Amino acid sequence: MFATDLRCRACDTAHPRAAIAACEACGAPLDPAYDWERLRSVADRDRLARRPRTIWRYRELLPVDDDPRVAQDVGWTPLVEAPALARELGVARLWIKNDGFSFPTLSFKDRVVAVAINKALELGLSTVAAPSTGNLANAVAAHAARAGLPAWVIVPDDIERGKLVGSQVFGPRIVRVRGTYDDANRLARAAATRLGWGVVNVNLRPYYGEGSKTMAFEIAEQLGWRAPSAVVSPMAGGSLVTKLVKGFRELETLGWIDGDTPRAYGVQAEGCAPIVRAIERGDTTITPVRPATAARSIAIGDPVDGAWAADAVVGSAGWAVAVSDDAMREGITLLARMTGIFTETAGGVTVSGARALAAAGRLGPDDEVVLCITGHGLKTIEAVDDDGSDAPVIDPDIAALEALAR
């Protein structure tokens, strides 16, 4: 175990490695602190290369005491080069980090939940839970089933059907809340306190968030232990972009990568863009909003890590942009037609945001860019709004097909 304790991001107060939602001194988020001197003496890339290709090949950099008891097969999703999309954006090279391929629930939430579930088992928690816009609910339900733990997922009542079914099949208790994700989150916070549940993105959040770093670790290793010049990711609660920057900086600390920390770019939907608006104002003060977007997977109006996401983006010399729902839909189809990858709404936001950043000159012809695609398009088919009714129907006759071909 190389994580020594939990430290407050704001005041650096130390806390024990327990299920704690926030700093008891100031209320800010907590992160695991690592013994970097020991890590440098023990962790090395040669040893790592002999391990299975999962998130656990980086286990010294994750806050678990022992080898994982469950979810040992999560991670190492494809990094796919997309030359046609690179030409479309006018950048030197472009890759898709495709977590829509993630096992077992087709989103990057498998990474964070894998870490949180193993920590819940170490801490002896008997029930796990999560508030969610969908992807997290799927991951918690699946990983809890694998671990034999009871699970509760609390979701907005207008959750997409694909994401609801993607949780139900694993047998958790599902609670639909009249309201937004932020309402579900407040209820889950109360449950963590009153019922003693391990809520993965509340009192297990210090461990859960570290799972996102593994996306940065994999990108660097898949590029031959070097950093791209820029990464673009969607922003919901703000944790992913924050941890991407943290992950690359940790690899620099270990001397494992060449090059500087990538510029981090965050994208949100115009109907729910509190982090983008803070960056545009030139500060890190988050003004909560009520979500009004079809990109429900990132519709978090009061993001817990919003201020730190803004700081991570600006501190990496990156930027943020908000895109319309129409642009999001164009991003989904653009990615599909140029790369053969079908992404959900968050990925459509990321692709259209990257195109906007390139048009504004923030991504240039010398850049090597990675787009972080966080979920599969089959989760949000409503967003594409194409039921195939305009496709011709013919008899099974070659003449009829030839007529269409002509």
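Modeller: A cavity is a set of points on a 1 Å grid over the protein atoms alone, where a 1.4 Å probe fits but cannot get out. Grid points are joined across faces, edges and corners, and a volume is the space filled by probe spheres set on the points. This is a predicted model: local features need pLDDT of at least 70, side-chain atom pairs count only at pLDDT 80 or more, and totals for chains, interfaces and linings use all residues. Residues are numbered from 1 along each chain as its sequence is written, and side-chain values use heavy atoms, with hydrogens and water left out.

Biologist: What makes a residue part of the lining of the second largest cavity?

Modeller: A lining residue has an atom within 4 Å of a point. For the second largest cavity, residues that pass include Arg 9, Asp 31, Arg 205, Lys 243 and Asp 305. Strand E3 (30–34), H8 and H10 each give two or more residues to this lining. Helices (H or I, at least four residues) and strands (E, at least two) are DSSP runs, numbered from the N terminus.

Biologist: How is the lining of the second largest cavity divided by class?

Modeller: It has 4 nonpolar, 2 polar and 5 charged residues. Here Ala, Val, Leu, Ile, Met, Phe, Trp, Tyr, Cys and Pro count as nonpolar, Asp, Glu, Lys and Arg as charged, and the others, Gly among them, as polar.

Biologist: What lies around the largest cavity?

Modeller: The largest cavity has a volume of about 400 Å³. Its lining has 30 residues, with Phe 108, Lys 109, Ala 236, Gly 237 and Ile 300 nearest the centre. They divide into 16 nonpolar, 10 polar and 4 charged. H10 brings the largest share, 3 residues.

Biologist: Why is Cys 23 called buried?

Modeller: Buried means under 20% relative accessible area, exposed over 50%, and partly exposed in between (1.4 Å probe, protein chains only). Cys 23 has 5% relative accessibility, so it counts as buried.

Biologist: How do you know that Cys 23 is in no disulfide?

Modeller: A search of the whole structure finds 0 disulfides. For Cys 23, the nearest cysteine sulfur is that of Cys 8, 3.6 Å away.

Biologist: What about Cys 272: how far is its sulfur from the closest cysteine sulfur?

Modeller: It is 19 Å from that of Cys 372, so a bond is ruled out by distance. Cys 272 has a relative accessible area of 0%, so it is buried.

Biologist: Is Trp 76 buried or exposed?

Modeller: Its relative accessible area is 17%, so Trp 76 is buried. Trp 76 sits in the loop between helix H2 (45–49) and strand E4 (79–81). Its phi is near 55°, a positive value in a residue other than glycine.

Biologist: And is Ala 317 buried or exposed?

Modeller: Ala 317 stands at 51% relative accessibility, so it counts as exposed. Its phi, near 70°, is also positive in a residue other than glycine. Ala 317 lies in the loop between H12 and E12.

Biologist: What makes a set of residues a nonpolar core?

Modeller: The members are buried Ala, Val, Leu, Ile, Met, Phe, Trp, Tyr and Cys residues, joined through side-chain atoms within 4.5 Å. The largest such core has 46 residues, and Ile 219, Trp 225 and Phe 248 have the most contacts inside it. H10 gives the most to this core, with 7 residues.

Biologist: Which residues is Trp 225 in contact with?

Modeller: Contact means heavy atoms within 4.5 Å. Leaving aside neighbours within four places in sequence, the partners of Trp 225 include Arg 45, Tyr 58, Phe 217, Leu 251 and Trp 256. A second, separate core of 39 residues includes Cys 23, Leu 30, Val 74 and Leu 204.

How values were computed:
1 Å grid on protein atoms, 1.4 Å probe; cavity = no way out; pocket = protein on both sides within 12 Å on 5 of 7 lines; lining within 4 Å. Disulfide = S-S within 2.5 Å.
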